[in-house]
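Here is a walk through a two-chain model, with the cut-offs spelled out as they come up. Have the viewer open as you read.

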Amino acid sequence: MATTYLDLTNEVLRELNEIPLTSANFASAVGLQQFVKDAINKSIFDIANEEPQLPFLTAGESGATDPFYGNVTVATVAGTRWYELKESSSSIADDYGSIDWDDFYLTTINVSGESAPFVSKGLKFLNLADWKRYYRDSENIDDADGQSYGEPSFVIKSPDARKFGLSPIPDKVYNIHFYAFDKPTKLTAHGDTVVFPEQYTNVITAKTRYYIWQFKESPQQAAFAMDDYKKAMRSMKSNLVNPTPRTMTDDRRYF
Amino acid sequence: MAASQPYTVACSGGLVKSSNAIDLLKSPGVAQELRNFEVSIEGGYRRINGFSKFGSAQVTGSTTNILGVIPYADGVIACASTGIYFSQDGTSWLNVSRSSVAGTGDNYTAFTGRSTLARTSQGQISFSLFEGPDYDYGMLVICDGANKPYYFRMEGTGSNINSRTYFSDEVTVTGTKFATHGEIHDKHLVVAGVEDNLSTVYYSTLLDPTSFSGTGAGSITLSDQIVGLKSFRNELFIFCENSIFKLQDINGTPVVIPVAKNIGCLSGYSIQEIGGDLIFLAPDGLRTVAGTARIGDVELGTVSKAIQPLLTELANNINSYVISSVVIREKSQYRLFYTDTSVDENQQRGIIGTLRPNGFEWGETRGIEVTEVGSGFNTDGVEKYYHGSTAGYVYNHDTGNNFDGSAILARYATPNYDYGDLGTLKTLHFVKVSASAEGVVEPDVQVRFDYGNTDTPQPVAPFDLGTINPPAIFGDGIFGTTVFGGGNNPLIRVALQGSGHSNNFTFISDDTKAPYTINGLYVDFIPSGRR
């Protein structure tokens, strides 16, 4: 069963020997109880800021468009370089929390009107400085004159972090698959559930205790709580983010 | 966890209503609410006893105010409606207000055959007991403020009242005038509040309370209307509306000496003798008339400053209340009841003052409706207490674990504790409560932080003290009743929650369980920060 906002709040309150809340008085909490509620949200944001690509923050289940990796798909338009990472978002406040820029994939498979042989390849991330230095000018001239465009090979990140760009500018429709992570939603109602598996809620409570002890002007207890938080965070990241074997590869580019 | 700190409080000082919240920080042992608790003579605050019906019958057979009640002989005399009633058991009441009783006494048959003497429009009763040289139970003189005083005497020690002899008649003080207050003083019956002579005290002949016209009888007129009389040592104190006098040498040349010219008494029914003092209700509170070391001198002192707001409210509405009082000697206790017969029984109030080494310490009663209370010794020499109510019953006062079957709601609220520093936030860890139970009891304790500030989280429900068992003492324990392991004064540990800059505790019980005494508290708290 998912852990609710009320569960988390009361866990911290009990640990601090404070008065637990009920579903009836949760919304009208005052004083320290309200501070604990606030601190829980602050702690969740802290955790997400420290490690925004935790699996439970994913924007959707991967592999929804089998067999492609990723949980977001954007179709390109011939002659258009920039695409919003989250089409439904109107501001950066609603955008994804994090993007895996190392895993953009381009394909014509499942694109209407396309048939074998298909295009299907990974896009390398190109930083803006390199793109501006080596590709921007020629692509812009082509766009203004011959409009021959091309098959994209690189993905670039817009300076406002709201869009991704393709280089070269696509010459037709492709599907771009990539992996995105949501921002955590602020908890408000007592029944709101946290996205963390219950096993890892101790990371939230440890950080919350850190804030509470600071509030109570007990630096020693705050230090203990921070230590608990760091240990718990390390364990969670170790378990969720880096559990697979790693091999070293050399993907440097040569010019 | 930061180092916790201790705080110990001994419960003493009683109810304090006249100190502000900051003043009370310096007096942790007192109570800011002490409802249906009394200050124990051994210290601590004890939940009061209850009361129960004396027998099952209403005195007159119907609902009516009990106007007077006093133990007499092996039973109780109660006045209600137009009669004066006697009962040994409270199940059958005999109207002893009779006409034309023989001067040599009537036997039971003759007495009950006499026509009843209607005591029309009886008011609150003033009883005076003249022991007499050889009377079995004494002569009881009844003044009611509407009729001539009436005496009643019963002779015969057999348990069956059919075998007894009865004496009774009206007493003529002056013509057909009524008297309101009576008092036996130095072998005389003294009456006051006499119709059309409200400033005059009349005293009977020596050793004959029934005669106000023989040798030794007389009267003295004062400058103020008399509201009460009390014999104290060799003097008779005369309480007037705005002054106090004392009558000396009643058997020689009576002389009246003023005691106070600007302090009077609000109700003669509040006057009692306790601890070598007379205590009475004055407009500014309860005062005592203490005899001093110097012969003939007295000292007037207010003893109720701690509960002044209660008494101010009482004094301001004195005509709304029926005042009655009693002294419970084994508890060194003065009880004053002020009953508003127009409101519900649960709202009826009283004051309990326990005389301790440092003077009176106070508590309150709620829910005891008392239209009259009386005490006296029964034939076994045991002092008994009875009170009456508007329901027409007489009750055994200060006994049992309930208010005639109803639960006793008792609350003892401590002052707020700042633990030495009002600016520091404290997280309560636990409290150990020293409690003495007289049976199996289950009180709760409620915690309120920062004077009940709504911006501070407050515990929703009281904390449970659990079950406190009475002491189990080898040799005294009763099989099947006594609970093994019960200590004399156990310390009950109650885990607490919450934090604040200050807090108070309120001990609450609302049940029909036995009384218990809260002796003191040990609070363990963790200070943290000054924000």
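Which side chain does B:Arg411 meet in a salt bridge? The partner is B:Glu33, with 3.1 Å from N to O. A salt bridge here means a side-chain nitrogen of Lys or Arg within 4 Å of a carboxyl oxygen of Asp or Glu. B:Arg411 sits in strand β34 (residues 408-413) of chain B and B:Glu33 in strand β2 (residues 33-35) of chain B, so the pair ties together parts that are 378 residues apart in sequence. Over all chains, the structure holds 32 salt bridges.

Some bookkeeping before going on. This is a predicted model, where local features need pLDDT of at least 70 and side-chain atom pairs count only at pLDDT 80 or more, while totals for chains, interfaces and linings use all residues; side-chain values use heavy atoms, with hydrogens and water left out. Residues are numbered from 1 along each chain as its sequence is written, and chains are lettered from A and ligands numbered from 1 in the order in which they are written.

**Sheets in chain B**

Strands (E, at least two residues) and helices (H or I, at least four residues) are DSSP runs, numbered from the N terminus, and two strands pair if DSSP finds at least two bridges between them. One open sheet of chain B has 4 strands in the order β15-β16-β17-β18, with antiparallel pairing. β15 (181-185) and β18 (218-221) of chain B stand at the edges with a single partner strand each, so one side of each has no neighbour in the sheet. From one strand to the next, the twist averages 20 degrees, using axes that are lines fitted to C-alpha atoms and angles that run from 0 to 180 degrees between N-to-C directions.

Another open sheet of chain B also has 4 strands, in the order β5-β33-β32-β31, and its pairing is antiparallel. Its edge strands are β5 (52-53) and β31 (372-377) of chain B, each of which pairs on one side only.

Then there is a hairpin: β21(B) and β22(B), with 6 residues between them. In its turn, B:Asp249 has a positive phi of about 60 degrees.

| Strand pair, antiparallel | Bridges | Bridge partners |
|---|---|---|
| β15(B) and β16(B) (residues 188-192) | 5 bridges | B:Ile184 and B:Leu189 |
| β5(B) and β33(B) (residues 394-396) | 2 bridges | B:Ser52 and B:Asn396 |
| β21(B) (residues 244-248) and β22(B) (residues 255-260) | 5 bridges | B:Phe245 and B:Pro258 |

**Where the chains meet**

Chain B and chain A bury about 1500 Å² between them, 57% of it on carbon and sulfur atoms. That area is the accessible area (1.4 Å probe) that two parts lose on being put together, summed over both. How many salt bridges does the rule find across this interface? It finds 0 between chain B and chain A. Polar contacts do turn up: 7 residue pairs, both at pLDDT 80 or more. A polar contact is a pair of N or O atoms within 3.5 Å; within protein, one must be able to donate a hydrogen and the other to accept it, and residues adjacent in sequence count only if both atoms are side-chain atoms.

Strand β35 (residues 426-437) of chain B gives the largest share of the side of chain B that touches chain A, namely 3 residues. The contact (heavy atoms within 4.5 Å) takes 22 residues from chain B and 18 residues from chain A.

Most residues other than glycine have a negative phi, and most peptide bonds are trans. The bond from A:Ala116 to A:Pro117 is cis, with omega near 0 degrees, and A:Pro117 lies in the loop between β3 and β4 (120-125) of chain A. The bond from A:Ser167 to A:Pro168 is cis too, with omega near -5 degrees; A:Pro168 is in the loop between β6 (163-167) and β7 (175-181) of chain A. A:Asn17 has a positive phi, near 65 degrees, and is found in the loop between α1 (5-15) and α2 (31-50) of chain A.
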